[in-house]
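User: Hi! Could you walk me through the salt bridges in this model?
Analyst: Happy to. Here it is.

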Amino acid sequence: MKQTILFDLDDTLIHCNKYFYQVIDRFVEAMMLWFGPDGVTEEAIREKQTEIDIAGIDVLGFKSDHFPQSFLETYRFFTDLTGRRHDTSEENWLWKLGQSVYDQEAEPYPHMQETLDALASSGHELHLYTGGELLIQNRKIERLQLQRYFDNRIYVRRHKNNEALEQIISSGPFDRDHTWMIGNSIRTDVVPALTAGLHAIHMKTAIEWLYNVIEIQVQPRGAFFTLNHLIEVPDTIHGYVHRPSE
């Protein structure tokens, strides 16, 4: 039976968070050189940057400038706290460091191509639904030639939430009984899908961004699975679709 399957992009099909963590590590290293002598701890720096970063997402959505801006605001917080002089050259360096995360190559998760090939060859219709800015996300899509799977069925939204997914589903040819959302984020993938009455698959990651971690308080109307590997997706969907009637 043909299914409609929406895939998240970042940390579902391709690596993303690990590049942010690498850049944050460099940020913390620099901050410790500047503020460590005043007693500021690495933990305090990471907590403040995370707090500011998540607050920016809530207001601005997945806007690229919010990440380097979180570096500047964290830097300014600790300069004010310690009485250290603001240095424009340091701020410029931090801004460029934050922006550098968007220059990383798009690296697929293991078995990405085999998974998409298996689903497409089984006759399912594949869609891509991702949060971010159009230029940045399209660059990743083009690097991995993902248009061959998704064609024009690609949705990029700055705010990825219940309302955004519902708008996509309600304005398109989607049968909720046969539509799946697959993604790593409980907040932006799983909960919106369950709220919309879709089937959902949560793809677990080794280390999850704190923003993505929330409690699920929606009762699934259909299927809800948690998987560790992409290659498990086709058999999971086919097993559910073709399960014996009770």
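User: Great. Which residue does Lys18 meet in a salt bridge?
Analyst: Lys18 pairs with Glu107 through their side chains, at 2.8 Å from N to O. A salt bridge here is a side-chain nitrogen of Lys or Arg within 4 Å of a carboxyl oxygen of Asp or Glu.

User: And where do the two sit in the chain?
Analyst: Lys18 is in helix α1 (residues 17-35), while Glu107 lies in the loop between α4 (88-99) and α5 (112-121). The two are 89 residues apart, so the pair links distant parts of the chain. Helices are DSSP runs of H or I with at least four residues and strands are runs of E with at least two, numbered from the N terminus.

User: Before we go on, what kind of model is this?
Analyst: It is a predicted model: local features need pLDDT of at least 70, side-chain atom pairs count only at pLDDT 80 or more, and totals for chains, interfaces and linings use all residues. Residues are numbered from 1 along each chain as its sequence is written, and side-chain values use heavy atoms, with hydrogens and water left out.

User: Thanks. Back to Lys18: how does its accessibility class come out?
Analyst: Lys18 counts as partly exposed, at 31% relative accessibility. Glu107 also has 31% and counts as partly exposed. Buried means under 20% relative accessible area, exposed over 50%, and partly exposed in between (1.4 Å probe, protein chains only).

User: What does Asp25 pair with?
Analyst: Asp25 forms a salt bridge with Arg46, with the closest N and O atoms 2.8 Å apart. Asp25 is in helix α1 and Arg46 in helix α2 (residues 42-60), 21 residues apart. Asp25 is partly exposed at 39%, and Arg46 is partly exposed at 29%.

User: And Arg85, what's its partner?
Analyst: Arg85 bridges to Asp87, the closest N and O atoms being 3.7 Å apart. Arg85 is exposed at 62%, whereas Asp87 is buried at 18%.

User: Which residues are joined into a network by shared partners?
Analyst: Asp8, Lys160 and Asp189 are joined into one network.

User: How many salt bridges are there in the whole structure?
Analyst: The search finds 13.

User: Switching topic, what's the overall build?
Analyst: The chain has 10 helices and six strands. Its C-alpha atoms fill a box of roughly 70 × 35 × 30 Å along the principal axes. Buried residues make up 50% of the 246 residues.
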